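Trainee: I would like a close look at a single part of this model. Please take me through it step by step.

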Amino acid sequence: MVMRMAYMIYIPWLLVAQFLLLVPLTTSKVPAIIVFGDSSVDAGNNNAIPTLLKSNFKPYGRNFPGGRATGRFCNGRVPPDFISEAYGLKPLIPAYLDPAYTIADFATGVCFASAGTGYDNATSAVLNVIPMWKELEYYKDYQNKLRAYLGNEKANEILSESIYLMSLGTNDFLENYYIFPTRQSQFTIKQYQDFLVGLSGNFIRELYALGARKLSLTGVPPMGCLPLERLTNIMGHHGCNEEYNNVALEFNGKLKAMARRLNKELRGLTIVLADAYQIVDQMIRRPSLYGFEVAGVACCSTGTFEMSYLCSDDSPLTCTDANKFVFWDAFHPTEKTNRIVVDHLIHGLQQTFR
Ligand SMILES: *[C@@H]1O[C@H](CO)[C@@H](O)[C@H](O)[C@H]1NC(C)=O
């Protein structure tokens, strides 16, 4: 009798325990994070190509695990790393061109991004970095390797269930349109925005045709507040260049409209616009709310113009605590800023892509 009662009581608890265990094991269906874009998300692909735009030397990476300068344009990790971790995947997404990794590593997350690139072929040509069409070629190469490694069925499942991140556009404006006369003679700034949004849409269509179904599209940040842009904003007394910020807002609005159209048009595709503009703008305008002390200049060296090789020496001016700074170098945020951006966006992403 005692045995029997114990048995009867025990069974439901076993089921409950099993149920509680199974739920978290089956909710996340995201097998990998696959990344396209520019330095905002590059994990070190530029190390492997002949460009001057690199960051695989000190003080880059000084707060990265092991203090390694991986080629991320940051003192630590970049947003895709945090997103991957939040999905229960690995805490670092490796660069596809890094010979230290194999297809076994890339099967759970891979980065094709290249610092300095843009939607426009003419942008990637400025610093001889990887154009978007070539990021896509590398992705096709990855698909072939993944299929050879896991078989078609498993590989295709990974390719369709993965989250694809796209983050770029800033360089098209700041390293191309506003610097060189060619695009300015061909397009007004509004026409150029439309041109870029068209290229973004084309890229998404190609990704979709190759099997992508879950896409997070990031627009551009308040790019008029990047320290390098403040430096050249002499008329504005080195405040934010509000013209550039307005272009950024307008561009993000157009990206959003394009994403809405494609969500209707391409069956089975879901695009989330992961717009970081507002949160980065908040950090710049109210840094103390986030524990920052400095938002107008960067940590590295004088903090006004140095990035890549110009941020390479042991400048005595380089800050000791990057967590007090919104920007790490004159063009890129600190790891702390990246973490806050992801903390802010991850909820929306996880609600859509489980
Ligand atoms: C960019 O260059 C590639 C390779 O040459 C070409 O296939 C593509 O059409 C170009 N894109 C644009 C918009 O010109």
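**A loop and its surroundings**

Mentor: Start with Phe180, which sits in the loop between H7 and H8. Helices here are DSSP runs (H or I, at least four residues), numbered from the N terminus. The model is predicted: local features need pLDDT of at least 70, side-chain atom pairs count only at pLDDT 80 or more, and totals for chains, interfaces and linings use all residues. Residues are numbered from 1 along each chain as its sequence is written, and side-chain values use heavy atoms, with hydrogens and water left out.

Phe180 has 36% relative accessibility, so it counts as partly exposed. That class lies between buried, under 20% relative accessible area, and exposed, over 50% (1.4 Å probe, protein chains only). With Val126 and Ile179, Phe180 forms a nonpolar surface patch of about 240 Å² accessible area together. Nonpolar side chains are joined within 5 Å, like charges within 9 Å. Areas come from the Shrake-Rupley method with a 1.4 Å probe; for residues, only the protein chains shown count as cover.

Now helix H7, residues 170-177. 8 of its 8 residues are buried, so H7 is largely enclosed by the rest of the structure. Among them are Phe173, Leu174 and Tyr177. Charged Asp172 and Glu175 are buried too. The cover includes H4 (121-126), H8 (181-186), H9 (189-209), H10 (227-231) and H11 (242-265), by contact (heavy atoms within 4.5 Å).

Notes: Helix = DSSP H or I, 4+ residues; strand = E, 2+ residues; numbered from the N terminus. Patch = residues over 30% accessible without salt bridge, like charges linked within 9 Å, V, L, I, M, F, W, Y side chains within 5 Å. Salt bridge = Lys/Arg side-chain N within 4 Å of Asp/Glu carboxyl O.
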